[in-house]
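Hi,

Here is the structure I promised to pass on. Have a look, and my notes follow below.

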Amino acid sequence: MTQMTINRGADYSRILGLGAARGENLVTNDDVAGAIDSSDEWIRQRTGIITRVRANAETSVVDLAERASRDAIAAAGVPVEEIDTVILSTFTYPVVTPAGAPVLADRLGCGTAAAFDISAACAGYCYAIAQADALVRAGQSRYVLVVGAEKMSDWIDPTDRSISFLLGDGAGAVVIGPSATPAIGPTVWGSKGDGAPLIGMTASWLDVRDRGAAFPTLFQQGQPVFKWASFDMPKVAKRAIEVAGLSPSDIQVFIPHQANMRIIDQMIKTVGLRDDVAVGRDIADSGNTSAASIPLATERLLREGAAKSGDLALQIGFGAGLVFAAQVVVLP
Amino acid sequence: MALSEKEVLAGLAEIVAEETGVDAAEVVGDKSFTDDLDIDSLSMMTIVTLAEEKFDVRIPDEEVKNLVTVGDAVAYITGAQS
(Lines give C-alpha, C1' and ligand atoms only; values in the text may rest on other atoms or scores of the structure.)
Protein backbone atom coordinates (compact mmCIF):
# COMPACT_ATOMS: atom_id res chain seq x y z
CA MET A 1 0.00 0.00 0.00
CA THR A 2 1.28 3.49 -0.80
CA GLN A 3 2.05 5.53 2.29
CA MET A 4 0.35 8.88 2.66
CA THR A 5 2.27 12.09 3.16
CA ILE A 6 2.06 13.91 6.46
CA ASN A 7 2.78 17.49 7.43
CA ARG A 8 6.06 18.53 8.96
CA GLY A 9 5.90 21.67 10.99
CA ALA A 10 8.22 24.24 12.47
CA ASP A 11 10.51 23.23 15.32
CA TYR A 12 9.12 25.99 17.49
CA SER A 13 6.38 28.59 17.52
CA ARG A 14 6.11 32.10 18.95
CA ILE A 15 3.75 34.99 19.46
CA LEU A 16 4.52 37.38 16.61
CA GLY A 17 2.22 40.27 17.41
CA LEU A 18 -0.51 41.30 19.83
CA GLY A 19 -3.55 43.56 19.70
CA ALA A 20 -6.23 44.61 22.15
CA ALA A 21 -9.66 46.21 22.21
CA ARG A 22 -11.59 47.33 25.26
CA GLY A 23 -15.25 48.15 25.71
CA GLU A 24 -15.97 51.79 24.87
CA ASN A 25 -17.33 52.82 28.28
CA LEU A 26 -15.68 53.11 31.69
CA VAL A 27 -18.10 51.92 34.36
CA THR A 28 -17.22 53.00 37.90
CA ASN A 29 -17.84 51.16 41.17
CA ASP A 30 -20.42 53.79 42.06
CA ASP A 31 -22.26 52.93 38.83
CA VAL A 32 -22.68 49.28 39.87
CA ALA A 33 -22.71 49.48 43.69
CA GLY A 34 -26.28 50.70 44.14
CA ALA A 35 -27.98 47.65 42.66
CA ILE A 36 -26.04 45.31 44.97
CA ASP A 37 -26.28 47.51 48.08
CA SER A 38 -22.49 47.88 48.14
CA SER A 39 -19.94 50.67 47.89
CA ASP A 40 -16.87 51.78 45.98
CA GLU A 41 -14.75 51.00 49.04
CA TRP A 42 -16.14 47.47 49.46
CA ILE A 43 -15.60 46.60 45.80
CA ARG A 44 -12.05 47.97 45.79
CA GLN A 45 -11.18 46.14 48.99
CA ARG A 46 -12.66 42.82 47.89
CA THR A 47 -11.57 42.82 44.25
CA GLY A 48 -9.08 45.59 43.48
CA ILE A 49 -11.40 46.84 40.76
CA ILE A 50 -11.73 50.60 40.32
CA THR A 51 -13.46 50.64 36.93
CA ARG A 52 -14.48 48.06 34.35
CA VAL A 53 -14.80 48.58 30.57
CA ARG A 54 -18.11 47.76 28.96
CA ALA A 55 -19.04 47.91 25.30
CA ASN A 56 -21.88 49.79 23.66
CA ALA A 57 -25.10 47.83 23.18
CA GLU A 58 -24.51 47.61 19.42
CA THR A 59 -20.91 46.35 19.75
CA SER A 60 -20.67 42.58 19.30
CA VAL A 61 -18.14 39.95 20.37
CA VAL A 62 -16.95 39.79 16.76
CA ASP A 63 -16.62 43.60 16.59
CA LEU A 64 -14.32 43.55 19.62
CA ALA A 65 -12.43 40.56 18.20
CA GLU A 66 -11.99 42.30 14.84
CA ARG A 67 -10.48 45.44 16.42
CA ALA A 68 -7.98 43.44 18.46
CA SER A 69 -7.16 41.16 15.52
CA ARG A 70 -6.38 44.00 13.11
CA ASP A 71 -3.82 45.39 15.57
CA ALA A 72 -2.34 41.95 16.20
CA ILE A 73 -1.96 41.20 12.49
CA ALA A 74 -0.37 44.60 11.84
CA ALA A 75 2.03 44.11 14.78
CA ALA A 76 2.96 40.63 13.56
CA GLY A 77 3.72 41.88 10.06
CA VAL A 78 2.08 38.82 8.54
CA PRO A 79 -0.01 39.35 5.38
CA VAL A 80 -3.59 38.70 6.41
CA GLU A 81 -4.15 36.18 3.61
CA GLU A 82 -1.36 34.02 5.04
CA ILE A 83 -3.29 33.44 8.26
CA ASP A 84 -4.63 29.96 7.69
CA THR A 85 -6.31 29.32 11.05
CA VAL A 86 -8.52 31.48 13.27
CA ILE A 87 -9.34 30.37 16.82
CA LEU A 88 -11.85 32.48 18.72
CA SER A 89 -12.09 31.77 22.42
CA THR A 90 -15.38 33.04 23.82
CA PHE A 91 -18.34 31.93 25.84
CA THR A 92 -20.38 35.08 25.42
CA TYR A 93 -21.12 34.82 21.70
CA PRO A 94 -24.92 34.93 21.70
CA VAL A 95 -25.76 32.05 19.35
CA VAL A 96 -24.88 28.40 19.69
CA THR A 97 -24.17 28.14 15.97
CA PRO A 98 -22.65 29.22 13.65
CA ALA A 99 -19.45 30.06 15.47
CA GLY A 100 -18.02 33.58 15.53
CA ALA A 101 -14.61 32.63 14.13
CA PRO A 102 -15.68 32.14 10.48
CA VAL A 103 -17.41 35.54 10.52
CA LEU A 104 -14.29 37.09 12.02
CA ALA A 105 -12.01 35.38 9.47
CA ASP A 106 -14.18 36.66 6.63
CA ARG A 107 -14.24 40.22 7.94
CA LEU A 108 -10.46 40.24 8.32
CA GLY A 109 -9.84 38.87 4.82
CA CYS A 110 -8.34 35.56 5.91
CA GLY A 111 -9.86 33.85 2.87
CA THR A 112 -10.78 30.24 3.54
CA ALA A 113 -8.83 29.92 6.80
CA ALA A 114 -9.93 27.15 9.16
CA ALA A 115 -12.00 28.93 11.80
CA PHE A 116 -13.62 27.72 15.00
CA ASP A 117 -14.64 28.87 18.48
CA ILE A 118 -13.53 27.23 21.69
CA SER A 119 -15.36 27.37 24.99
CA ALA A 120 -12.99 27.28 27.91
CA ALA A 121 -14.19 30.37 29.76
CA CYS A 122 -11.44 32.30 31.52
CA ALA A 123 -8.87 29.65 30.57
CA GLY A 124 -9.81 30.03 26.90
CA TYR A 125 -6.91 32.19 25.80
CA CYS A 126 -4.30 29.80 27.22
CA TYR A 127 -6.23 26.83 25.81
CA ALA A 128 -6.13 28.45 22.37
CA ILE A 129 -2.41 29.24 22.65
CA ALA A 130 -1.82 25.54 23.38
CA GLN A 131 -3.69 24.58 20.24
CA ALA A 132 -2.05 27.20 18.04
CA ASP A 133 1.41 26.19 19.23
CA ALA A 134 0.66 22.53 18.48
CA LEU A 135 -0.84 23.28 15.06
CA VAL A 136 2.20 25.29 13.94
CA ARG A 137 4.68 22.68 15.18
CA ALA A 138 2.68 19.87 13.61
CA GLY A 139 2.66 21.64 10.25
CA GLN A 140 -1.13 21.78 10.16
CA SER A 141 -1.09 25.58 10.25
CA ARG A 142 1.53 28.21 9.54
CA TYR A 143 0.04 31.37 10.98
CA VAL A 144 -2.71 31.10 13.58
CA LEU A 145 -4.78 34.03 14.81
CA VAL A 146 -5.80 33.45 18.44
CA VAL A 147 -8.44 35.75 19.88
CA GLY A 148 -10.00 35.88 23.32
CA ALA A 149 -13.12 38.03 23.05
CA GLU A 150 -15.99 38.50 25.47
CA LYS A 151 -18.99 40.71 25.85
CA MET A 152 -19.69 39.78 29.45
CA SER A 153 -22.12 42.66 29.89
CA ASP A 154 -24.74 40.82 27.83
CA TRP A 155 -24.87 38.09 30.50
CA ILE A 156 -24.97 39.98 33.78
CA ASP A 157 -27.64 40.65 36.35
CA PRO A 158 -27.02 44.06 37.93
CA THR A 159 -28.48 42.80 41.24
CA ASP A 160 -26.21 39.73 41.38
CA ARG A 161 -23.63 40.07 44.15
CA SER A 162 -21.51 37.09 43.14
CA ILE A 163 -19.82 38.06 39.88
CA SER A 164 -21.67 40.57 37.68
CA PHE A 165 -20.07 43.66 39.22
CA LEU A 166 -16.61 42.32 38.35
CA LEU A 167 -17.17 41.91 34.64
CA GLY A 168 -16.01 43.89 31.63
CA ASP A 169 -15.94 43.56 27.83
CA GLY A 170 -12.93 43.29 25.57
CA ALA A 171 -10.80 41.29 23.19
CA GLY A 172 -7.14 40.40 22.94
CA ALA A 173 -5.54 38.80 19.90
CA VAL A 174 -2.19 37.35 18.93
CA VAL A 175 -0.72 35.89 15.76
CA ILE A 176 1.30 32.73 16.32
CA GLY A 177 3.74 31.44 13.73
CA PRO A 178 7.02 29.54 13.24
CA SER A 179 10.06 30.41 15.33
CA ALA A 180 13.77 29.61 15.15
CA THR A 181 13.98 29.30 18.94
CA PRO A 182 11.61 28.02 21.68
CA ALA A 183 9.14 30.78 22.60
CA ILE A 184 5.99 28.98 23.78
CA GLY A 185 6.56 26.48 26.55
CA PRO A 186 4.59 23.26 27.07
CA THR A 187 1.06 23.92 28.29
CA VAL A 188 -0.07 22.49 31.61
CA TRP A 189 -3.82 22.23 31.31
CA GLY A 190 -6.74 20.33 32.65
CA SER A 191 -10.23 20.34 34.05
CA LYS A 192 -12.13 19.61 37.24
CA GLY A 193 -15.67 18.84 36.19
CA ASP A 194 -16.94 18.25 39.70
CA GLY A 195 -16.50 22.00 40.11
CA ALA A 196 -18.97 22.73 37.30
CA PRO A 197 -21.64 24.01 39.75
CA LEU A 198 -19.25 26.66 41.12
CA ILE A 199 -19.35 29.06 38.11
CA GLY A 200 -21.91 29.14 35.35
CA MET A 201 -25.24 30.34 34.04
CA THR A 202 -28.45 30.62 36.05
CA ALA A 203 -30.42 28.65 33.42
CA SER A 204 -30.06 26.69 30.19
CA TRP A 205 -31.90 27.66 27.00
CA LEU A 206 -34.22 24.71 27.59
CA ASP A 207 -34.99 26.03 31.09
CA VAL A 208 -35.96 29.31 29.44
CA ARG A 209 -38.12 27.66 26.79
CA ASP A 210 -39.76 24.89 28.82
CA ARG A 211 -39.64 25.91 32.47
CA GLY A 212 -40.17 29.65 32.43
CA ALA A 213 -36.67 30.52 33.62
CA ALA A 214 -35.44 34.09 33.28
CA PHE A 215 -32.81 35.04 30.68
CA PRO A 216 -29.61 33.30 31.85
CA THR A 217 -26.93 35.32 33.59
CA LEU A 218 -23.61 34.47 35.22
CA PHE A 219 -23.10 33.48 38.84
CA GLN A 220 -20.31 32.03 40.96
CA GLN A 221 -19.78 30.64 44.41
CA GLY A 222 -17.10 33.09 45.38
CA GLN A 223 -15.44 31.48 48.35
CA PRO A 224 -14.68 28.00 46.97
CA VAL A 225 -13.64 29.57 43.64
CA PHE A 226 -11.32 31.94 45.50
CA LYS A 227 -9.79 29.04 47.38
CA TRP A 228 -9.32 26.94 44.23
CA ALA A 229 -7.82 29.82 42.28
CA SER A 230 -5.57 31.08 45.06
CA PHE A 231 -4.16 27.76 46.23
CA ASP A 232 -4.59 25.12 43.50
CA MET A 233 -3.70 27.32 40.52
CA PRO A 234 -0.24 28.23 41.83
CA LYS A 235 0.57 24.50 41.63
CA VAL A 236 -0.38 24.56 37.94
CA ALA A 237 1.67 27.71 37.41
CA LYS A 238 4.71 26.18 39.09
CA ARG A 239 4.38 23.06 36.96
CA ALA A 240 4.28 25.19 33.78
CA ILE A 241 7.58 26.76 34.81
CA GLU A 242 9.07 23.37 35.59
CA VAL A 243 8.06 21.65 32.33
CA ALA A 244 9.63 24.54 30.41
CA GLY A 245 12.90 23.72 32.15
CA LEU A 246 12.89 27.01 34.05
CA SER A 247 12.77 28.08 37.67
CA PRO A 248 10.47 30.71 39.24
CA SER A 249 13.35 33.17 39.35
CA ASP A 250 13.58 33.06 35.53
CA ILE A 251 10.07 34.49 35.16
CA GLN A 252 10.18 38.22 34.38
CA VAL A 253 6.45 38.80 33.89
CA PHE A 254 3.45 37.17 35.55
CA ILE A 255 0.15 37.49 33.69
CA PRO A 256 -2.63 35.59 35.45
CA HIS A 257 -6.27 35.71 34.45
CA GLN A 258 -7.68 38.94 35.86
CA ALA A 259 -10.32 37.53 38.18
CA ASN A 260 -9.63 39.34 41.43
CA MET A 261 -6.61 41.34 42.64
CA ARG A 262 -6.53 39.34 45.86
CA ILE A 263 -6.25 36.07 43.94
CA ILE A 264 -3.37 37.61 41.97
CA ASP A 265 -1.59 38.67 45.18
CA GLN A 266 -2.05 35.26 46.79
CA MET A 267 -0.79 33.49 43.64
CA ILE A 268 2.40 35.58 43.59
CA LYS A 269 3.11 34.58 47.20
CA THR A 270 2.37 30.90 46.64
CA VAL A 271 4.27 30.49 43.34
CA GLY A 272 7.30 32.19 44.86
CA LEU A 273 8.05 34.61 42.05
CA ARG A 274 10.88 37.08 42.44
CA ASP A 275 10.21 40.47 44.01
CA ASP A 276 10.77 42.50 40.85
CA VAL A 277 8.49 40.40 38.62
CA ALA A 278 6.18 42.58 36.49
CA VAL A 279 2.58 41.63 37.20
CA GLY A 280 -0.52 42.05 35.04
CA ARG A 281 -2.99 44.08 37.08
CA ASP A 282 -5.26 45.36 34.34
CA ILE A 283 -8.28 44.18 36.35
CA ALA A 284 -8.11 47.46 38.30
CA ASP A 285 -9.28 49.40 35.25
CA SER A 286 -10.75 46.83 32.85
CA GLY A 287 -12.47 44.40 35.24
CA ASN A 288 -12.69 40.67 34.59
CA THR A 289 -12.97 40.13 30.83
CA SER A 290 -12.63 36.32 30.91
CA ALA A 291 -10.82 34.98 27.81
CA ALA A 292 -9.67 38.50 26.92
CA SER A 293 -8.11 39.32 30.27
CA ILE A 294 -4.63 37.84 29.78
CA PRO A 295 -3.91 39.42 26.38
CA LEU A 296 -5.41 42.72 27.60
CA ALA A 297 -3.14 42.68 30.64
CA THR A 298 -0.20 41.77 28.38
CA GLU A 299 -0.94 44.65 26.03
CA ARG A 300 -0.98 47.07 28.93
CA LEU A 301 2.28 45.83 30.43
CA LEU A 302 3.98 46.25 27.05
CA ARG A 303 2.39 49.62 26.32
CA GLU A 304 3.31 51.05 29.70
CA GLY A 305 6.86 49.66 29.56
CA ALA A 306 6.55 47.41 32.64
CA ALA A 307 7.36 44.47 30.35
CA LYS A 308 9.22 44.37 27.05
CA SER A 309 9.46 42.26 23.94
CA GLY A 310 11.57 39.16 24.60
CA ASP A 311 10.65 38.89 28.29
CA LEU A 312 9.74 35.48 29.69
CA ALA A 313 6.14 35.60 30.85
CA LEU A 314 4.16 33.06 32.82
CA GLN A 315 0.48 33.15 31.92
CA ILE A 316 -2.32 31.18 33.53
CA GLY A 317 -6.04 31.09 32.84
CA PHE A 318 -8.65 29.44 35.06
CA GLY A 319 -12.40 29.52 35.28
CA ALA A 320 -15.79 27.97 34.68
CA GLY A 321 -15.63 24.25 34.00
CA LEU A 322 -13.66 24.22 36.05
CA VAL A 323 -10.81 24.45 33.53
CA PHE A 324 -7.26 25.75 33.68
CA ALA A 325 -4.19 26.20 31.47
CA ALA A 326 -0.76 27.73 31.94
CA GLN A 327 2.35 28.19 29.83
CA VAL A 328 5.51 30.27 29.72
CA VAL A 329 5.79 32.45 26.61
CA VAL A 330 8.28 34.91 25.19
CA LEU A 331 6.50 38.23 24.83
CA PRO A 332 6.23 39.64 21.30
CA MET B 1 1.06 13.52 67.42
CA ALA B 2 -2.08 15.60 67.83
CA LEU B 3 -1.53 19.18 69.00
CA SER B 4 -3.23 20.58 72.08
CA GLU B 5 -5.79 23.39 71.84
CA LYS B 6 -3.13 25.76 73.13
CA GLU B 7 -0.72 24.76 70.38
CA VAL B 8 -3.40 25.02 67.71
CA LEU B 9 -4.34 28.48 68.97
CA ALA B 10 -0.71 29.62 68.79
CA GLY B 11 -0.37 28.29 65.23
CA LEU B 12 -3.66 29.81 64.13
CA ALA B 13 -2.76 33.18 65.64
CA GLU B 14 0.45 33.13 63.61
CA ILE B 15 -1.50 32.53 60.39
CA VAL B 16 -4.04 35.24 61.16
CA ALA B 17 -1.31 37.74 62.03
CA GLU B 18 0.58 36.94 58.83
CA GLU B 19 -2.50 37.18 56.60
CA THR B 20 -4.23 40.21 58.13
CA GLY B 21 -1.67 42.14 60.16
CA VAL B 22 -3.76 41.71 63.32
CA ASP B 23 -1.56 41.37 66.45
CA ALA B 24 -1.29 37.65 67.27
CA ALA B 25 -2.06 38.43 70.92
CA GLU B 26 -5.50 39.63 69.83
CA VAL B 27 -6.32 36.23 68.35
CA VAL B 28 -7.92 34.59 71.38
CA GLY B 29 -10.83 32.25 72.03
CA ASP B 30 -13.89 34.46 72.20
CA LYS B 31 -12.93 36.89 69.42
CA SER B 32 -15.18 36.81 66.38
CA PHE B 33 -13.26 36.67 63.09
CA THR B 34 -15.70 39.05 61.42
CA ASP B 35 -16.86 41.40 64.15
CA ASP B 36 -13.78 41.67 66.37
CA LEU B 37 -10.86 40.95 64.05
CA ASP B 38 -12.42 42.55 60.94
CA ILE B 39 -11.59 39.57 58.73
CA ASP B 40 -13.63 39.33 55.51
CA SER B 41 -14.77 36.15 53.80
CA LEU B 42 -11.86 36.00 51.33
CA SER B 43 -9.26 36.42 54.08
CA MET B 44 -11.13 33.77 56.05
CA MET B 45 -10.81 31.33 53.11
CA THR B 46 -7.08 32.05 52.98
CA ILE B 47 -6.71 31.49 56.74
CA VAL B 48 -8.69 28.25 56.52
CA THR B 49 -6.55 26.96 53.66
CA LEU B 50 -3.30 27.86 55.39
CA ALA B 51 -4.61 26.20 58.58
CA GLU B 52 -5.46 23.03 56.62
CA GLU B 53 -1.88 22.90 55.38
CA LYS B 54 -0.28 23.73 58.72
CA PHE B 55 -2.32 21.32 60.83
CA ASP B 56 -2.84 18.67 58.13
CA VAL B 57 -6.62 18.69 58.53
CA ARG B 58 -9.52 19.12 56.11
CA ILE B 59 -11.99 21.95 56.77
CA PRO B 60 -14.89 21.59 54.29
CA ASP B 61 -16.13 24.81 52.63
CA GLU B 62 -19.58 24.36 54.18
CA GLU B 63 -18.01 24.19 57.66
CA VAL B 64 -16.32 27.57 57.37
CA LYS B 65 -19.49 29.55 58.10
CA ASN B 66 -19.76 27.76 61.48
CA LEU B 67 -16.32 28.96 62.55
CA VAL B 68 -17.50 32.25 63.99
CA THR B 69 -14.95 32.73 66.77
CA VAL B 70 -11.30 31.86 67.12
CA GLY B 71 -12.37 29.29 69.72
CA ASP B 72 -14.69 27.61 67.18
CA ALA B 73 -11.80 27.22 64.77
CA VAL B 74 -9.40 25.95 67.42
CA ALA B 75 -11.96 23.37 68.60
CA TYR B 76 -12.69 22.23 65.04
CA ILE B 77 -9.03 21.89 64.09
CA THR B 78 -8.13 20.13 67.36
CA GLY B 79 -10.98 17.66 66.87
CA ALA B 80 -10.18 17.09 63.19
CA GLN B 81 -6.58 16.07 63.83
CA SER B 82 -6.12 12.39 63.24
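Before the rest, some housekeeping. This is a predicted model, where local features need pLDDT of at least 70, side-chain atom pairs count only at pLDDT 80 or more, and totals for chains, interfaces and linings use all residues. Residues are numbered from 1 along each chain as its sequence is written, while chains are lettered from A and ligands numbered from 1 in the order in which they are written.

Back to Leu42(B): it sits in helix α2 (residues 41-55) of chain B (helices are DSSP runs of H or I with at least four residues, strands are E runs of at least two, numbered from the N terminus). Leaving aside residues up to four places away in sequence, Leu42(B) touches Arg46(A), Phe226(A) and Arg262(A) (contact means C-beta atoms, placed from the backbone, within 7 Å).

Chain A is assigned domain 1 (12-179) and domain 2 (188-330), with bounds from an automatic or database domain assignment. Their C-alpha centres lie 14 Å apart, and the contact takes 45 residues from domain 1 of chain A and 41 residues from domain 2 of chain A. On the domain 1 side, β1 (12-22), β3 (51-54), α5 (124-138), β6 (144-151) and β7 (169-179) of chain A each supply at least two residues.

One of those, α5(A), is worth a look. Of its 15 residues, 12 are buried, so α5(A) is largely enclosed by the rest of the structure. The buried ones include Tyr125(A), Ile129(A), Gln131(A) and Asp133(A). Just after α5(A), Gly139(A) takes a positive phi of about 80°.

Then there's the largest nonpolar core, with 121 residues (a core is a set of buried Ala, Val, Leu, Ile, Met, Phe, Trp, Tyr and Cys residues joined through C-beta atoms within 7 Å). Ala65(A), Val86(A) and Val146(A) have the most contacts inside this core, which draws at least three residues from each of domain 1 (12-179) and domain 2 (188-330) of chain A. Another core, of 10 residues, lies apart from it, with Phe165(A) and Leu218(A) among them.

Cheers

Definitions and conventions
Contact = placed C-beta atoms within 7 Å. Buried ≥ 20, exposed ≤ 12 C-beta atoms within 10 Å, placed from the backbone.
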